[in-house]
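Hi,

Here is the structure I promised to pass on. Have a look at it first, and then read my notes below.

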Amino acid sequence: MTNRPSADLALIILTEAPIVGQVKTSLCPPLTQDEAATLHGSFVLDTLERTKVAMDKWKLPFDRYLACAPSSQHVFFKIMEERHRVRLIDQLGADPDARMRETCRAVFDKGHRRVVMLGTDIPTLPLEYYRQAAMLLDEHDLVLGPEQTGGCYLFGLAKRADGLFSDIPWCTDQVFRVTRERAESLGLRVASLPEWRDVDSIDDLTAFIEAGARDASLPKAERQFSSRTAGTLQLLAKRIRSRA
């Protein structure tokens, strides 16, 4: 694929290849490492599919990128590039602060004027939130998507702000608060999306399984879960109960 941007706005999906023993290890146990990798892979696919639906539904001017770890050369990412028409970039940096800074910098350097970044632990994020993020960047420098536990599921930037990602207490309940305070100290105009819950702990997984069961009872057109992830959750729920 060409590196020349075709859209003003870049949508970056930060993710890792579903390598057993390297992803979603916070869910092990009750999951096995193999099950955790399978669930993670399903989440990546969900995010790719849902962002494409959101783009098509509202004609959002996104170029989509997968920011890959450990390497964009991993066969999983090459398959995603071919099947989902996304651009691949490597996650660079020795810590989360550096990876966030370098990922933003790399995409801004490609000529995009606005950037939205998110992970893959929010496979049921409402499609409307993608549209809201794009719209809020018209009048704000930074858009944050707060998690229910104090983290952030989304970062949107309307300009470079290298000083934003420095000494952020990642993987804690202070991420949203500290990031917002840092942004305000830099003079950035900040807006927030509604809260949403990601899947990063055992409590999150339990809530997600329960939500998936409720979702399955809804008419198909109203369901938030993909049939793939819904099936995976049902299987995992049965396995977890059998091990109890």
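Phenylalanine 208 counts as buried because its relative accessibility is 8% (buried is under 20% relative accessible area, exposed over 50%, partly exposed in between, with a 1.4 Å probe and protein chains only). Phenylalanine 43 counts as buried too, at 0%. Keep in mind that this is a predicted model, where local features need pLDDT of at least 70 and side-chain atom pairs count only at pLDDT 80 or more, while totals for chains, interfaces and linings use all residues. Residues are numbered from 1 along each chain as its sequence is written, and side-chain values use heavy atoms, with hydrogens and water left out.

On the rings: the structure holds seven aromatic pairs (rings of Phe, Tyr and Trp, the last by its six-membered ring, with centres within 6.5 Å; planes under 30 degrees apart are stacked, over 60 edge-to-face, the rest tilted). Phenylalanine 43 and phenylalanine 208 make one of them, edge-to-face, with 5.5 Å centre to centre and 80 degrees between the planes. That pair joins distant parts of the chain, since phenylalanine 43 sits in helix H1 (residues 33-58) and phenylalanine 208 in helix H6 (residues 202-216), 165 residues apart. Helices (H or I, at least four residues) and strands (E, at least two) are DSSP runs numbered from the N terminus. Ring pairs also bring in Phe225, giving a cluster of Phe43, Phe208 and Phe225.

Tyrosine 129 and tryptophan 196 form another edge-to-face pair, at 5.9 Å centre to centre and 85 degrees between the planes. Here tyrosine 129 is in helix H4 (residues 127-136) and tryptophan 196 in the loop between strand E7 (190-192) and H6, 67 residues apart. Tyrosine 129 is buried, with a relative accessible area of 11%.

Now the pockets and the cavity. I worked on a 1 Å grid over the protein atoms alone: a cavity is a set of points where a 1.4 Å probe fits but cannot get out, a pocket is an open set with protein on both sides within 12 Å along at least five of seven lines, and lining residues have an atom within 4 Å of a point. The largest pocket has a volume of about 1,200 Å³. Its lining has 35 residues, and Asp121, Trp170, Cys171, Asp198 and Asp200 lie nearest the centre. Strand E1 (9-16), helix H3 (96-109), strand E4 (114-118) and strand E6 (152-157) are the elements that give two or more residues to this lining.

The second largest pocket has a volume of about 270 Å³. It is lined by 16 residues, with Thr124, Trp196, Ala207, Phe208 and Ala211 nearest its centre, so two of the ring residues above turn up again here.There is one cavity of 30 Å³ or more, with about 50 Å³ of space. Its lining includes Arg101, Cys104 and Phe165, and H3 gives the most to it, with four residues.

As for cysteines, there are zero disulfides (sulfur atoms within 2.5 Å). For cysteine 104, the nearest cysteine sulfur is that of cysteine 152, 13 Å away.

Lastly, the protein averages a pLDDT of 94 (the predictor's confidence in each residue, from 0 to 100).

Cheers

Note on methods. Points joined across faces, edges and corners; volume = space filled by probe spheres on them.
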